[in-house]
Amino acid sequence: MLVNALNTANERWIKYMENEILISCKNVTINYDKKVAVEDVSFDICKGDYLCIVGENGSGKSTLMKGLLGLIKINSGEIDYRLIKKQEIGYLPQQTVVQRDFPASVYEVVLSGCLNQNGFRPFFSHKQKEKAYKNMELLGIKDLSKKSYRDLSGGQQQRVLLARALCATRSLLILDEPVTGLDPVVTAEMYTIIKHLNSHGITVIMVSHDIPSAVKYGTRILHMGRKVQFFGTVEEYKDTDIYLRMIGEEEQ
Ligand code: ADP
Ligand code: MG
């Protein structure tokens with residue numbers, strides 16, 4: 001165990017020296033009023049990682065992601081954006097019922113992913129429109145471009161949101177529960193697409209409570225329980241009591 005931990009620390013140190021770390025979170029704490037949602041969380045995300053963030057409902061996963069994106073303020077600690085700006089992160093938010101009813105066309109939703117690069121410019125450039133089409137093609141939704149987003153199936157909607165997130169980034173995607181509510185076939189398709197993007201150079205942070213899939217597809221795990229319960233490689237995670245307990249509960 002100790003040897004493993006030392007190896008991991010050493011490997012991270014080398015990545016640090018080689019300038020491979022995209023974002024480094026140090027002792028981050030986030031409160032809602034007086035309630036602590038994320039406490040003293042430290043981890044980093046390296047180029048090429050597929051980091052799965054797991055943990056029970058209410059364990060601070062979404063809050064931590066919003067902190068990383070700068071959508072909410074952190075109360076203490078530091079987030080060091082070493083090789084990426086906040087605005088260059090692609091984000092697929094956790095879905096709410098209201099969002100599913102969003103009244104816009106597929107093309108408009110995808111293109112809106114380019115908004116964070118525009119500053120105060122209200123128009124989209126030719127290049128941005130091309131990018132939207134390219135991402136719709138990549139995700140197999142080009143034929144749906146004129147359809148209304150709210151008329152799509154859950155799986156199609158998630159593809160649209162993934163294409164939208166891709167418009168915002170070339171390097172890092174944050175996906176908050178991207179397969180929740182999807183049937184098993186569509187879920188498997190989404191996982192395959194995400195793995196494909198990762199193997200083509202996009203770093204992925206995925207929030208999920210599907211632990212078997214997290215260890216199947218991910219390269220690193222951050223297990224949250226307000227504080228960090230575990231952070232390390234999938235192989236190390238599989239040796240932990242917390243993993244065995246979670247898997248045991250699933251099998252019962
Ligand atoms: P997870 O994504 O792991 O399910 P969240 O980050 O959504 O967890 O929530 C962490 C904790 O913060 C929970 O106790 C939740 O009730 C609380 N919380 C989340 N969002 C808000 C909010 N906007 N205002 C107050 N409390 C919140
Ligand atoms: Mg959440």
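# Talking through a predicted model

Trainee: Starting with serine 112, is that residue buried or exposed?
Mentor: Serine 112 has a relative accessible area of 18%, and because buried means under 20%, serine 112 counts as buried. Please keep in mind throughout our talk that this is a predicted model.

Trainee: And where is the place of serine 112?
Mentor: Serine 112 sits in the loop that runs between H4 and H5.

Trainee: Which backbone oxygen lies 2.6 Å from a polar atom of its side chain, I mean the side chain of serine 112?
Mentor: That is the backbone oxygen of valine 109. If you leave out residues up to four places away in sequence, serine 112 also touches Phe124 and Arg164.

Trainee: New topic, aromatic rings. How many aromatic pairs does a search of the whole structure find?
Mentor: The search finds five aromatic pairs. One of them joins tyrosine 107 and tyrosine 133, whose rings are stacked, with 4.9 Å from centre to centre and 25° between the planes. This pair links distant parts of the chain, since tyrosine 107 belongs to helix H4 (residues 106–111) and tyrosine 133 to helix H5 (residues 126–138), 26 residues apart.

Trainee: Why does tyrosine 107 count as buried?
Mentor: Tyrosine 107 has a relative accessibility of 18%, and the limit for buried is under 20%, so tyrosine 107 counts as buried. Tyrosine 133, at 35% relative accessibility, counts as partly exposed.

Trainee: What kind of aromatic pair do phenylalanine 230 and tyrosine 237 form?
Mentor: Phenylalanine 230 and tyrosine 237 form a tilted pair, with their centres 5.1 Å apart and 45° between the planes. Phenylalanine 230 is buried at a relative accessible area of 11%, and tyrosine 237 is buried as well, at 1%.

Trainee: Which residues do ring pairs link into a cluster?
Mentor: Ring pairs connect Phe230, Tyr237 and Tyr243 into a cluster. Tyrosine 237 also takes part in a polar contact, side chain to side chain, with histidine 223 at 2.8 Å.

Trainee: Okay, histidine 223 then. Which strand is histidine 223 found in?
Mentor: Histidine 223 is part of strand S8, residues 220–225, and with a relative accessible area of 4% histidine 223 is buried. Setting aside its neighbours within four places in sequence, histidine 223 is in contact with several residues, including Val54, Gly55, Phe230, Tyr237 and Met246.

Trainee: Which polar side-chain atom lies 2.8 Å from an oxygen atom of ligand 1?
Mentor: That atom belongs to lysine 61, while serine 62 places a polar side-chain atom 2.9 Å from an oxygen atom of the ligand. A nitrogen atom of ligand 1 is also found 3.4 Å from an N or O atom in the side chain of tyrosine 32.

Trainee: And what percentage of ligand 1 does the protein bury?
Mentor: Ligand 1 taken alone exposes 560 Å², and the protein buries 62% of that area.

Methods
Residues are numbered from 1 along each chain as its sequence is written. Chains are lettered from A and ligands numbered from 1 in the order in which they are written. This is a predicted model: local features need pLDDT of at least 70, side-chain atom pairs count only at pLDDT 80 or more; totals for chains, interfaces and linings use all residues. Side-chain values use heavy atoms; hydrogens and water are left out. A polar contact is a pair of N or O atoms within 3.5 Å; within protein, one must be able to donate a hydrogen and the other to accept it, and residues adjacent in sequence count only if both atoms are side-chain atoms. Accessible areas come from the Shrake-Rupley method with a 1.4 Å probe; for residues, only the protein chains shown count as cover. Helices (H or I, at least four residues) and strands (E, at least two) are DSSP runs, numbered from the N terminus. Buried means under 20% relative accessible area, exposed over 50%, partly exposed in between (1.4 Å probe, protein chains only). Contact means heavy atoms within 4.5 Å. Rings of Phe, Tyr and Trp (its six-membered ring) pair if their centres lie within 6.5 Å; planes under 30 degrees apart count as stacked, over 60 as edge-to-face and the rest as tilted.
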